[in-house]
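Let's take each one, look at its value, and conclude.

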There are 4 protein chains.
Amino acid sequence: MDFGQSDRSRDYLERLRTFIADEVAPVEARLHAARGVAQAQRQDTSGADTWAVTDEFRELQRAARAQGLWNLFLPDPELGAGLSNVEYASLAEEMGRSPFYSAVFNCSAPDTGNMEVLYHYGSEAQKEQWLRPLLDGEIRSAFCMTEPGVASSDATNMAATAVVDGDQVVLNGRKWWSTGIGHPDCKVLIFMGLTDPEAHKYQRHSMVLVPVDTPGVTIERMLPTMGFYDEPAGHGEVSFTDVRLPLDAIIAGPGRGFEIAQGRLGPGRIHHCMRLVGLAEHALELACRRGLERTAFGKPVIDLGGNRERVADARIAINQLRLLVLHAAWLLDTQGLAGARSAVSEIKIAAPRVTQQIVDFAIQIHGGGGLSDDFPLAGAWTAARSLRLADGPDEVHQSLVARGELGKYKQGGVRQK
Amino acid sequence: MDFGQSDRSRDYLERLRTFIADEVAPVEARLHAARGVAQAQRQDTSGADTWAVTDEFRELQRAARAQGLWNLFLPDPELGAGLSNVEYASLAEEMGRSPFYSAVFNCSAPDTGNMEVLYHYGSEAQKEQWLRPLLDGEIRSAFCMTEPGVASSDATNMAATAVVDGDQVVLNGRKWWSTGIGHPDCKVLIFMGLTDPEAHKYQRHSMVLVPVDTPGVTIERMLPTMGFYDEPAGHGEVSFTDVRLPLDAIIAGPGRGFEIAQGRLGPGRIHHCMRLVGLAEHALELACRRGLERTAFGKPVIDLGGNRERVADARIAINQLRLLVLHAAWLLDTQGLAGARSAVSEIKIAAPRVTQQIVDFAIQIHGGGGLSDDFPLAGAWTAARSLRLADGPDEVHQSLVARGELGKYKQGGVRQK
Amino acid sequence: MDFGQSDRSRDYLERLRTFIADEVAPVEARLHAARGVAQAQRQDTSGADTWAVTDEFRELQRAARAQGLWNLFLPDPELGAGLSNVEYASLAEEMGRSPFYSAVFNCSAPDTGNMEVLYHYGSEAQKEQWLRPLLDGEIRSAFCMTEPGVASSDATNMAATAVVDGDQVVLNGRKWWSTGIGHPDCKVLIFMGLTDPEAHKYQRHSMVLVPVDTPGVTIERMLPTMGFYDEPAGHGEVSFTDVRLPLDAIIAGPGRGFEIAQGRLGPGRIHHCMRLVGLAEHALELACRRGLERTAFGKPVIDLGGNRERVADARIAINQLRLLVLHAAWLLDTQGLAGARSAVSEIKIAAPRVTQQIVDFAIQIHGGGGLSDDFPLAGAWTAARSLRLADGPDEVHQSLVARGELGKYKQGGVRQK
Amino acid sequence: MDFGQSDRSRDYLERLRTFIADEVAPVEARLHAARGVAQAQRQDTSGADTWAVTDEFRELQRAARAQGLWNLFLPDPELGAGLSNVEYASLAEEMGRSPFYSAVFNCSAPDTGNMEVLYHYGSEAQKEQWLRPLLDGEIRSAFCMTEPGVASSDATNMAATAVVDGDQVVLNGRKWWSTGIGHPDCKVLIFMGLTDPEAHKYQRHSMVLVPVDTPGVTIERMLPTMGFYDEPAGHGEVSFTDVRLPLDAIIAGPGRGFEIAQGRLGPGRIHHCMRLVGLAEHALELACRRGLERTAFGKPVIDLGGNRERVADARIAINQLRLLVLHAAWLLDTQGLAGARSAVSEIKIAAPRVTQQIVDFAIQIHGGGGLSDDFPLAGAWTAARSLRLADGPDEVHQSLVARGELGKYKQGGVRQK
């Protein structure tokens, strides 16, 4: 159980931090200030298109790539950085401190997950058409799984269809929380639908690559989470009406949707959790700084009441969380997805919960300002809260962990270790 | 300790419910659907001015007033409904089920608090100029106390000034979280500032009535809470630069700001808590309905895992909260503000906490949709969370309650009852 | 919803407090000091028979009765004090401050519940034989329902039998947590067993009055809770082997066990909760006093860290709890058991939970001493914790409350009030 | 950050488990059954001397030692097993599953800590006289630091004195929670007292080795925790009246008490936490087994309500805790006590909290039995709860962790990593 960093990942981390501090943070501050000014002043907001990507941002991406800070998530040494999950953890944590950072380094969801799908399951043609430009940051992508009409926590509820009709596959249905669909560069989405209702329940669905401009694909609206649209990527509700594509748009062939979804969600969830560690650290830092700075009743705010106890509890919670995330990463590295399944569910439960609570504390320390956009806390809270639902609600992951735990005692009662 | 409703308040409640169900709810649904559609579609939003008040809404107000469902909060039988706080509690709870309702009946913050200030402390001229049109719903108002530059939880930190200069008072400083300042009908604000730094610490400040269009008053921007601007009332940051007003703009004369603030905040906080009971009830209702409706893993969602336990705990929490709010109202009715001070702080702590937690559960039951604007839950969470800071953060109220509790044992040790 | 006290109950309360302060508390302190000294000194403990009742205690009972402070729980004005549940609440709270007090006034469980069973369901002969001496405090009783061999949270699991055999009823089975069975004055127990497995599931069981010395009744052992035996009443494991009694030992006839159990448990649970309010108040008082008294790091302990916040939260929790208990009592008074069922379950969940948490805080403030027998806190914690299981575990009550809540929306969706 | 086990420690672990399963567990079960039977039957308990050590137990110790399963805690390869803290962690966890196990392997508190004090700070004579027989398991020891008269959480409150008088040191004062003092083999205690009130506050105290039979040493009584006396070691209140010893009874010379206490408490606290991981694991195992076994409402109890969610949360909490403990052990191994100080405080807070909560859940699953001595849960809860006070209350450790966290931002604001 070695969670230590290699010289290589330490070098990456150092360069990443320097780049963020020197190049990214100033731009972020500037964009943050500009963003929303129009609406705050109750003016016509059409001039400030928050759904656009600025030249400044694209320049940051180019500079990052030039320094090799690019596709760090991908274990493949040719196409990505070739880092293990344990090694990537500290980089993802660093990028997770702000929702703005990951995209600079082409490491943001849902693209990372989609690239991994293409990497592992895509045909050569699919890779050439979609993986290549995604790795180059030329285009972006979306993932369409969750549906508005059913409880999507139970994947067998999925109502959308991907029916094979001769040499075509025909898609119908409605998806929402399709993250990234609002991005001006979003060119392709991965759609999951029911292909064969008679097959085994894990072999009924297919994953289909759908160019966003295919006839029948309509972005019905963009969805806010807690009032945030998360521009420019956003979360969309998308309808599919008789969308026809050639059969080779299906990833790995019909019926493999579940298998691919599982393969996709494992690393995807770990990456989310790694980033949340960084978000929680950032919130704690902000709480400490603000609490030391502001004075009330003759003392720094941090010295009032139970605030220091909460700082201590936050430190403990983050340290525990980071270790648990590293543990899951180490299992994924050493035992593959099957050996890490419960561990991934464990962090998927723990990370948003811990982060949400620490951010809530940070908000409280900041007073009213903590709820505004002057600080990144309202957004951080929302990010953490969303992840108690996204990629499977807590309850589904608890169910999986409990099944594993109880299984030890059902099968002859060999004690766990 | 009689918390029962009178025949009169029961009659009011019945008529209020009917009016809301028949008249208000349909309009609310329509406006809710229209609101935000533009932005969701990433179109120019200038056409849908969310900071305007619709004719439909004004018509609702006229109809409510015609039925006597107007100014229900005001204990004065001539100017208001003449109800006790215990009687008003169930009406406020009903109006609190949606952030949309109170304003229909001219019972929304911060106007209710401001009207009470004018009613209790205003001169005849002030009443004529401002109370009358507020009671008529012709204008609206804001309250400017919290400041961005200091920890406002400690009111003695207040940096804004209201200096007497001959027959004028001169205001300088910067306020934020000035709720209501964005409303198109907002014509007056109450400003609190330091007048005499040498006086006793509770006699240093003054409250001043400031027409919004007075030179030197600038609405710098509107502030979001968790991404919500709460249009059309909104929360503003307002600067005051050499704002000059005649001395009789000071409410009750210089140096009485603290006294008035205390008098204002008591009922204001109780009203917030009464409304939160309604908000929590509504969230629980939505959770139950959704949980019964949606199916996952072969069962109604409400029957999965610990959901029913959470329903039970929510029911207990709301029942306790309602009783505690009634208890504070009863103390206010029978013993006045002094006798209810700790009780008001108790509910000010308990109500947002309980509501926040129940809304969080309701969000979880709703899945991703719970975080969007398709349901009123994201807004409800934000309303509850804000009230852990607004009108005094939890920690300040805890401090007051603890001081009262420990006082029992410091002064000779007579046991509390 | 009137929770106020009558002149009569106020008078009772005053006299009760005086009697406790003047007469009971000193004896309690003396007995407490004597108790356990032997074992603490690792001496032979046979001399200090903690299972005996002292003359001093019996003298207290006589004095209390002489002052009319006797059978206060019984609503019957002839046999008891004739107080409503709302009126009794403050008396029970007072008696609940120490596990020692209730018995002085003949108001302790399980006797109160057993007396109510006999009062409501007993035949004249049964009343003469058992109710009379119980009301006189001459004898004590036990209640035998829970069983070691099954999950007794589900009453239909009950395995013990009460089979009618001609003019006799024959009891077999094993019960535990038979509270009171260790008392030297315990002369009778109420046994619940399965009579007719074919009947409707709520009409299968019978309640039988069993003299403790009936052949076949064996007290197998006394059970500790968290190391406490709660002498002299105690909790026993009792076996019944072919215990034969005349048919008229069955209360209200065969098959009415469930009905009687429900009738018994309603007031019994309310009384437990009333007492827990007093226990929580006492723990908070001890925490405040100790926290003010002891100094660490240059301050009274109560002023360190989050202690004052915890005092405030405890005050809020107790006030809410008391109101919820009064609410349940008021429902029981005005609508009977059926109308109070959910309310009783609500307090049965809330009261032990709140009390346990406040006692835990008080222990922490007391340091190591808080866990010893120098303070009544270890015992208080155990009492509260036990009641999360006794008379139905939390989860069963949560299930009942949730069923009620969801029922509102299943049956046509009329909203609750 | 390598938490992996060596081949050597894995071998130890395997042999330890085998020995416990084959040799220790059966004896434990037998003793457990015998213990308390007398009192449970309300008989004279003088025959069953729970303060004695059985021959059976001594035989277990001999067998363990013969297999090299002895003094596993001591990093010295000659005198102990020579294992690192990371290596020892899994052995301590295994021994922590029952309060009975550690002593079999001569690895129980407070002896381990006392042996470490002697090992690191003792003179050759002191080692010869006391360390040798302690390592051999011939004698046992106690540690006398906490005092009844002051808040001992603040060590500067210490009132007991160790005054140098010529060639003697004279001890006066009163200590309590002197764990181990009741053991029939306890021959020596370590006493900490104030020597020079004028010295720097961390150089005022001395540690003195005191033979238990020294004149002036009186064991006033044994203290229960939650009703448990933890026989045969127990926790005593001990008075010291003009206890005179030669100067060389002082460990490392006068004024080094604080330094030694810190050195002693670091590993001592880690060992406690390692054991608590095992205790929590055991409680979870018991909860799972019982929950699978017992049936209510037609299902295994574990499948009711939120029980499976609680199993999952327990698994997450234990995994996080174990990793955090390993992390502290690794810091202690690689950076020494100074580098591990905050980490040790973090686990000292987290371990009892997590364990207490999981044990509480296990109790609830067991129903009434969970509170009795039929299961080791009541004792386990008490052990965990005690450790929220022993070796420094949570609040003191939170204060230390918070100071470290805030220090990062006070000293120029370099961000933590």
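Q: Why are chain A and chain C said to meet through the same surface?
A: 100% of the interface residues of chain A are also interface residues in chain C, so the copies meet through the same surface. Residues count as in contact if their C-beta atoms, placed from the backbone, lie within 7 Å. This is a predicted model: local features need pLDDT of at least 70, side-chain atom pairs count only at pLDDT 80 or more, and totals for chains, interfaces and linings use all residues. Residues are numbered from 1 along each chain as its sequence is written, while chains are lettered from A and ligands numbered from 1 in the order in which they are written.

Q: How many residues of chain A and chain C are in contact?
A: Four residues of chain A touch four of chain C.

Q: What classes of residue make up the side of chain A that touches chain C?
A: That side has no nonpolar, two polar and two charged residues. The rule: Ala, Val, Leu, Ile, Met, Phe, Trp, Tyr, Cys and Pro count as nonpolar, Asp, Glu, Lys and Arg as charged, and the others, Gly among them, as polar.

Q: How many residues of chain B and chain A are in contact, and which elements give two or more residues on the chain B side?
A: 48 residues of chain B are in contact with 49 of chain A. On the chain B side, the elements giving two or more residues are β3 (168-179), β6 (217-222), β8 (295-296), α10 (377-386) and α11 (394-410). The largest share, four residues, comes from α10(B). By class, the chain B side has 19 nonpolar, 20 polar and nine charged residues. Helices (H or I, at least four residues) and strands (E, at least two) are DSSP runs, numbered from the N terminus.

Q: Why is α9(B) called roughly perpendicular to α9(C)?
A: Their axes, both from residues 307-366, come within 9 Å and cross at roughly 115 degrees. Angles under 35 degrees count as roughly parallel, over 145 as roughly antiparallel, 65 to 115 as roughly perpendicular and the rest as oblique. So α9(B) is roughly perpendicular to α9(C). Axes are lines fitted to C-alpha atoms, for helices over the stretch in contact, and angles run from 0 to 180 degrees between N-to-C directions. The contact includes B:Leu323 of α9(B) and C:Leu323 of α9(C). Its residues divide into 10 nonpolar, six polar and four charged.

Q: What makes α6(C) and α8(C) oblique to each other?
A: The axes of α6 (residues 111-121) and α8 (residues 257-293) of chain C cross at roughly 140 degrees and come within 9 Å. The two helices are therefore oblique to each other. Among the contact residues are C:Thr112 of α6(C) and C:Ile260 of α8(C).

Q: Which hand has the crossing of α6(C) and α8(C)?
A: The crossing is right-handed. A crossing is left-handed if the near helix is turned anticlockwise from the far one by less than a right angle, and right-handed if clockwise.

Q: Why is α9(D) called oblique to α11(D)?
A: The axes of α9 (residues 307-366) and α11 (residues 394-410) of chain D cross at roughly 140 degrees, and they come within 9 Å. That makes α9(D) oblique to α11(D). The crossing of α9(D) and α11(D) is left-handed.
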